[in-house]
Amino acid sequence: MQKKAINFGYSITPDRQIDFDANDRGICKRVALAEPSLNLCISCGTCASTCSAAIFTDFSLRQVILLLRRGETQDLEKAISKCMLCGKCQLVCPRNVNTRNLVIQISKALGERPPVRQG
Ligand code: SF4
Ligand code: SF4
């Protein structure tokens, strides 16, 4: 008789693959042209730790930049709408990234992207 497997409470984590071919990285390129300091970001997270919006929401500028670089732009519009453009993050960024203009340029680039085809 086969023994029943013991349940230790663990489960397999779903894989998290980034499909760079399917993602739209053109938005990142356009934003980097409009605000070149995007290229200086080292994803340190200092901006996120001081962010005024992060006190009330799950907003993280660091995450926004990572998603932008990966071309995972589907949820970016909703994410950056939480930014209040207060500029606190710009004061603490060790790489002097122009964070406020970065958020503005991301919003602009997302607004200019071609509409997603239905069906
Ligand atoms: S503080 Fe500056 S360098 Fe660090 S993650 Fe934020 S934008 Fe990038
Ligand atoms: S400008 Fe936006 S991202 Fe930067 S601290 Fe203010 S709310 Fe946060």
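**Exercise 1. Confidence**

In which helix of the chain is confidence lowest, and in which is it highest? Work through the confidence values before reading any geometry.

*Solution.* Start with the conventions. This is a predicted model, in which local features need pLDDT of at least 70, side-chain atom pairs count only at pLDDT 80 or more, and totals for chains, interfaces and linings use all residues. Residues are numbered from 1 along each chain as its sequence is written, while chains are lettered from A and ligands numbered from 1 in the order in which they are written.

Next, the values. pLDDT is the predictor's confidence in each residue, from 0 to 100. Confidence is lowest in H5, at a mean of 92, and highest in H6, at 97. For the chain, the mean pLDDT is 90, with 93% of residues at 70 or more.

Where pLDDT is low, predicted coordinates should not be read in detail.

**Exercise 2. Overall fold**

Describe the secondary structure and the dimensions of the chain.

*Solution.* Step one: count elements. Helices (H or I, at least four residues) and strands (E, at least two) are DSSP runs numbered from the N terminus. The chain has seven helices and zero strands, giving the pattern α-α-α-α-α-α-α along the sequence.

Step two: dimensions. The C-alpha trace spans about 65 × 40 × 25 Å along its principal axes. The radius of gyration of the chain is 18 Å, whereas a compact globule of 119 residues would have one near 14 Å. This radius is taken over C-alpha atoms, and the globule rule is 2.2 Å times the number of residues to the power 0.38.

Step three: burial and contacts. A residue is buried if 20 or more other C-beta atoms, placed from the backbone, lie within 10 Å of its own, exposed if 12 or fewer, and partly exposed in between. Of the 119 residues, 21% count as buried. Among contacts between residues at least 6 apart in sequence, 66% join residues at least 24 apart.

**Exercise 3. The nonpolar core**

Which residues have the most contacts inside the largest nonpolar core?

*Solution.* A nonpolar core is a set of buried Ala, Val, Leu, Ile, Met, Phe, Trp, Tyr and Cys residues joined through C-beta atoms within 7 Å. The largest one has 22 residues, and those with the most contacts inside it are Val 31, Cys 51, Leu 61, Val 64, Leu 68, Ile 80 and Ile 106. Helices H1 (26-34), H4 (61-70), H5 (76-80) and H7 (99-112) each supply at least two of its residues.

Take Leu 61 as an example. Beyond its neighbours within four places in sequence, Leu 61 contacts Cys 47, Ala 48, Cys 51, Cys 89 and Thr 99.

**Exercise 4. Two ligand shells**

Which elements give two or more residues to the shell around ligand 1, and which to the shell around ligand 2?

*Solution.* A residue belongs to a shell if its C-beta atom, placed from the backbone, lies within 6 Å of the molecule. Ala, Val, Leu, Ile, Met, Phe, Trp, Tyr, Cys and Pro count as nonpolar, Asp, Glu, Lys and Arg as charged, and the others, Gly among them, as polar.

- Ligand 1: 15 residues surround it, the closest being Cys 41, Cys 44, Thr 46, Cys 47 and Cys 93. Helix H2 (46-50) and H4 give two or more residues; H4 gives the most, with three. The classes are nine nonpolar, four polar and two charged.
- Ligand 2: 15 residues surround it, the closest being Cys 51, Ala 53, Cys 83, Cys 86 and Cys 89. The elements with two or more residues are H3 (52-56), H6 (88-92) and H7; H7 gives the most, with three. The classes are ten nonpolar, three polar and two charged.

**Exercise 5. Cys 41 and Leu 40**

Is Cys 41 buried or exposed? Answer likewise for Leu 40.

*Solution.* Cys 41 is buried because 20 other C-beta atoms lie within 10 Å. Leu 40 is exposed because it has 12.

Leaving out residues up to four places away in sequence, Cys 41 contacts Ile 65, Arg 95 and Val 97, and Leu 40 touches Arg 95, Asn 96 and Val 97.

Notes. Contact = placed C-beta atoms within 7 Å.
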